[in-house]
Amino acid sequence: MTRDKKVHVNFVAVNRVVGSKTHCWRVYSNAVSPMLLGDVKFRPAWRKYVFLPAFGTLYDSECLTSISEFCDQQTTLWRTDIRQKAVN
């Protein structure tokens with residue numbers, strides 16, 4: 001028996017700062033009263049998007065998987081964009 005995958009978090013794009021080359025998202029719980037869980041931002045030293053949790057927040061494995069998959073997807077999009085710019 002398989003369970004339907006529930007969406008536990010929502011990602012909300014934050015307006016980019018002038019001159020910024022990367023995106024940023026606020027991560028909220030998908031509840032009746034949404035709570036800020038943290039931010040997804042680009043970490044130049046690691047060359048990937050990372051999750052910065054808000055103080056005092058807790059996560060189960062499904063929530064962490066959703067956040068991890070989102071970070072991986074955004075990193076892949078960023079790398080694709082960089083490669084396309086290098087070709088042009």
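This is a dialogue on reading the features of one predicted model.

Colleague: What should I know about numbering and confidence before reading?

Modeller: The model is predicted: local features need pLDDT of at least 70, side-chain atom pairs count only at pLDDT 80 or more, and totals for chains, interfaces and linings use all residues. Residues are numbered from 1 along each chain as its sequence is written, and side-chain values use heavy atoms, with hydrogens and water left out.

Colleague: How many helices and strands are there, and which pattern do they follow?

Modeller: Helices (H or I, at least four residues) and strands (E, at least two) are DSSP runs, numbered from the N terminus. Here there are one helix and four strands. Along the sequence the pattern reads β-β-β-β-α. The C-alpha atoms fill a box of roughly 45 × 35 × 20 Å along the principal axes.

Colleague: Which strands pair, and in what sense?

Modeller: Two strands pair if DSSP finds at least two bridges between them. Strand 1 (residues 9-14) and strand 2 (residues 24-29) are antiparallel, with six bridges. Strand 2 and strand 3 are also antiparallel, joined by four bridges. Strand 3 (residues 36-43) runs antiparallel to strand 4 (residues 48-53) over six bridges.

Colleague: Which residues can I use to trace the pairing across the strands?

Modeller: Start with Trp 25. In strand 2, Trp 25 is the bridge partner of Ala 13. The partner of Trp 25 in strand 3 is Val 40. Then take Phe 42, which stands opposite Tyr 49 in strand 4.

Colleague: How many residues lie in the hairpin connections?

Modeller: Six residues connect strand 2 to strand 3 in a hairpin. The hairpin of strand 3 and strand 4 has four residues between them.

Colleague: How exposed is Arg 47?

Modeller: Arg 47 is partly exposed, at 49%. Lys 48, in strand 4, is partly exposed too, at 35% relative accessibility. Across the protein, 26% of the 88 residues count as buried.

Colleague: What does Lys 48 touch?

Modeller: A contact means heavy atoms within 4.5 Å. Not counting residues up to four places away in sequence, Lys 48 touches Lys 41, Phe 42, Arg 43, Thr 75 and Arg 79. Asp 60 is twelve residues from Lys 48 along the chain, and their C-alpha atoms are separated by 23 Å.

Colleague: Where is Asn 10, and what is it in contact with?

Modeller: Asn 10 sits in strand 1. Asn 10 is partly exposed, with a relative accessible area of 33%. Leaving aside neighbours within four places in sequence, Asn 10 is in contact with Arg 26, Val 27, Tyr 28, Ser 29 and Asn 30. Thr 75 is 65 residues from Asn 10 in sequence and 18 Å away in space, C-alpha to C-alpha.

Colleague: What share of the contacts joins residues 24 or more positions apart?

Modeller: Take the contacts with a separation of 6 or more. Residues 24 or more positions apart account for 28% of them.

Colleague: How many disulfides does a search of the whole structure find?

Modeller: A disulfide is a covalent bond between the sulfur atoms of two cysteines. The test is a pair of cysteine sulfur atoms within 2.5 Å. The search finds zero disulfides. Cys 24 is in none; the nearest cysteine sulfur, that of Cys 71, is 11 Å away.

Colleague: Are Cys 24 and Cys 63 buried or exposed?

Modeller: Cys 24 is buried, with a relative accessible area of 18%. Cys 63 is buried at 8%.

Colleague: What about the surface and the charges?

Modeller: Accessible areas come from the Shrake-Rupley method with a 1.4 Å probe; for residues, only the protein chains shown count as cover. The protein exposes about 7,000 Å², and carbon and sulfur atoms supply 56% of it. For charge, Lys and Arg count as positive and Asp and Glu as negative; His and the chain ends are not counted. Each charge is placed at NZ of Lys, CZ of Arg, CG of Asp or CD of Glu. There are 13 positive and 7 negative side chains, and the centres of the two sets lie 11 Å apart.

Terms used: Buried means under 20% relative accessible area, exposed over 50%, partly exposed in between (1.4 Å probe, protein chains only).
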